[in-house]
Amino acid sequence: MRMTAPRPVFDANASAGGKDLGPLPEWDLTDLYPAPDAPELKRDLDWLEDACRSFATDYEGKLASLDAKGFLDAIHRHERIEAIAGRIMSFAGLRYYQMTVDPERAKFLSDMQEKITVYTTPLVFFTLELNRLEDDFFDSRYAENADLARYKPAIRRIRAMKPYQLSDEMEKFLHDMGVVGDAWERLFDETIAGLTFTIDSEEQNIESTLNHLTDQDRSKREAAARELARVFGANIRTFARVHNTQTKEKEVMDRWRGMPTAQTGRHLSNDVEPEVVEALRNAVVAAYPRLSHRYYELKRKWLGLDRMEVWDRNAPLPMETDRIVKWPEARSMVMDAYTAFDPRMGEIATPFFEKGWIDAAVKPGKAPGAFAHPTVTDAHPYVLLNYLGKPRDVMTLAHELGHGVHQVLAADQGEMLASTPLTLAETASVFGEMLTFRKMLENAKDQKERKVLLAGKVEDMINTVVRQIAFYDFECKLHEARRGGELTPDDINALWMSVQAESLGEAFDFMEGYETFWAYIPHFVHSPFYVYAYAFGDGLVNALYAAYEEQPEGFQDKYFDMLKAGGSKHHKELLAPFGLDATDPAFWDKGLSMIEGFIDELEAMEE
């Protein structure tokens, strides 16, 4: 029997509480596979099983005997395996994210994960054996073959794990056990997607409820915040169990590998030095009083409040109109900004809108939030949004489209080199936001509109820099505390509150129940310590944009070269053409001073 995707429960145009947002695009996943039961999918699964087996037969225990050409052939075969496995998992994952509460889609994703884990287990030897070879082996092979030398950055990153590698048998066991950890992530995803919140007698999902926190009506914001707290509180034991299990699993893994800190694995995968992250973290924490504390004090006055509550943090300003931006207008705003920077950027972005590469509508059971999924280098990225027509949603579109453009440009590097470390992966997305913001600022009709735009941008930057570094500090405390034993929900709540007051400042009171708001942040579960990448990306882009303003001549070509490089260069090499260096402690202050400058301008408007 042919399987068809379930129909959406309601029309996309009704997604913002009945507001007509225009025709919202949906994904067309047939570029990956026509259907879950498509013969092409079965063909690829069969090929993958055989390719993994024959790769192990041909190369296991023999890498040291390969000449440069033989070693390059092995890498090409490994890349092809990565591409097919990545295509299958992208298709299964994207279908699931469209409707996470559909049991068939959840089962399909789980079945594919298990199959691919089993099929790829014979490949575990490859990185283990690579790491047992001496440096001389690689140096001589690189010297023999320029095509092989191109892979040096990818092999360097693999070999960064050499000191933490376990026995072959142990590594295979951990590879097989990976699906168990994935199950805890799925429990988190399905719990979040299945939560229902009642506001004004109407049942809503988490995305729509969080959206109320930006409502003009303060009583609606309060109702949403209290309802979020009630529902999180009712489910807090489940969330605490997920976090306890995930952090314990990580602690066991890190201990066996001999990793010095819980953050080491993330720094290695990000290809960034711990001291660079520490310098970023310290610069942001030192800037809390100059950034978030100062801005929220301004906002408190604008809102006419003696004290702010957490539901006022993302409140619109009193002079802001409750404007809904329809989809065609949002598309124009972002595309105009991209094209004005460089027509090539507009050309790369166009197919996202026209070929089913964006899924924009809020739908029951759809994954919350937004992302750009690169899929594989011989396909194209897909962007997920939950578009509700708010001005911030336009910035989210600009952000995710930036990721998409980056992923398209980097695809020519191939599977091993296209993937950008998280610290640099946020560059094009945040730059896309900055271009859109600057274009909107340029077109502001008057001082009032300029003020609203500036304040919105400052809030977004605070959410990206201050909030994410506070999240990072929370995670550091969480993983450290878990090493001492099981954490109760109250223990985790206390860790959350310890970073909130410090980062937000004196303007705030914290309602009862806010201590549970750690529960819904997906990064803590899916990608521990991911969050500092947002602050890294924002600081880097602010410094980049300052370089663009100082010397626009030739900037576009250098910028495109940086994006095309994907993961083939270290951050030091990528930033050198712009005269920037993230290892310089003053680098982060340069980025933070842009936010400070915007706050200066807002304060000057008050005088």
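I start with the term: a salt bridge is a side-chain nitrogen of Lys or Arg within 4 Å of a carboxyl oxygen of Asp or Glu. I note that the model is predicted. I find that the structure holds 47 salt bridges.

Entry one, Asp473. I see Asp473 in a salt bridge with Arg281, with the closest N and O atoms 2.9 Å apart. Asp473 sits in helix H22 (residues 466–482) and Arg281 in helix H13 (residues 274–287), so I have a link between distant parts of the chain, 192 residues apart. I looked up burial too: Asp473 is buried, at 9% relative accessible area.

Entry two, Arg344. I find two partners here. Asp342 pairs with Arg344, the closest N and O atoms being 2.8 Å apart. Asp557 also bridges to Arg344, at 2.9 Å between the closest N and O atoms. Asp557 belongs to helix H26 (residues 555–564) and Arg344 to helix H16 (residues 343–354), so this pair ties together parts 213 residues apart in sequence. I checked accessibility: Asp342 is buried at 7%, Arg344 is partly exposed at 31%, and Asp557 is partly exposed at 44%.

I find Glu26, Asp359, Lys363 and Lys366 joined by salt bridges that share partners.

Entry four, a helix pair. How do H20 and H25 pack? I read an angle of about 55° and axes 9 Å apart for H20 (residues 427–442) and H25 (residues 532–550). That makes H20 oblique to H25. Their crossing is right-handed. Among the contact residues I list Phe431 and Met434 of H20, and Leu540 and Tyr545 of H25. By class, I count 8 nonpolar, 3 polar and 3 charged residues in this contact.

Note on methods: Residues are numbered from 1 along each chain as its sequence is written. This is a predicted model: local features need pLDDT of at least 70, side-chain atom pairs count only at pLDDT 80 or more; totals for chains, interfaces and linings use all residues. Side-chain values use heavy atoms; hydrogens and water are left out. Axes are lines fitted to C-alpha atoms, for helices over the stretch in contact, and angles run from 0 to 180 degrees between N-to-C directions. Helices (H or I, at least four residues) and strands (E, at least two) are DSSP runs, numbered from the N terminus. Angles under 35 degrees count as roughly parallel, over 145 as roughly antiparallel, 65 to 115 as roughly perpendicular and the rest as oblique. A crossing is left-handed if the near helix is turned anticlockwise from the far one by less than a right angle, and right-handed if clockwise. Contact means heavy atoms within 4.5 Å. Ala, Val, Leu, Ile, Met, Phe, Trp, Tyr, Cys and Pro count as nonpolar, Asp, Glu, Lys and Arg as charged, and the others, Gly among them, as polar. Buried means under 20% relative accessible area, exposed over 50%, partly exposed in between (1.4 Å probe, protein chains only).
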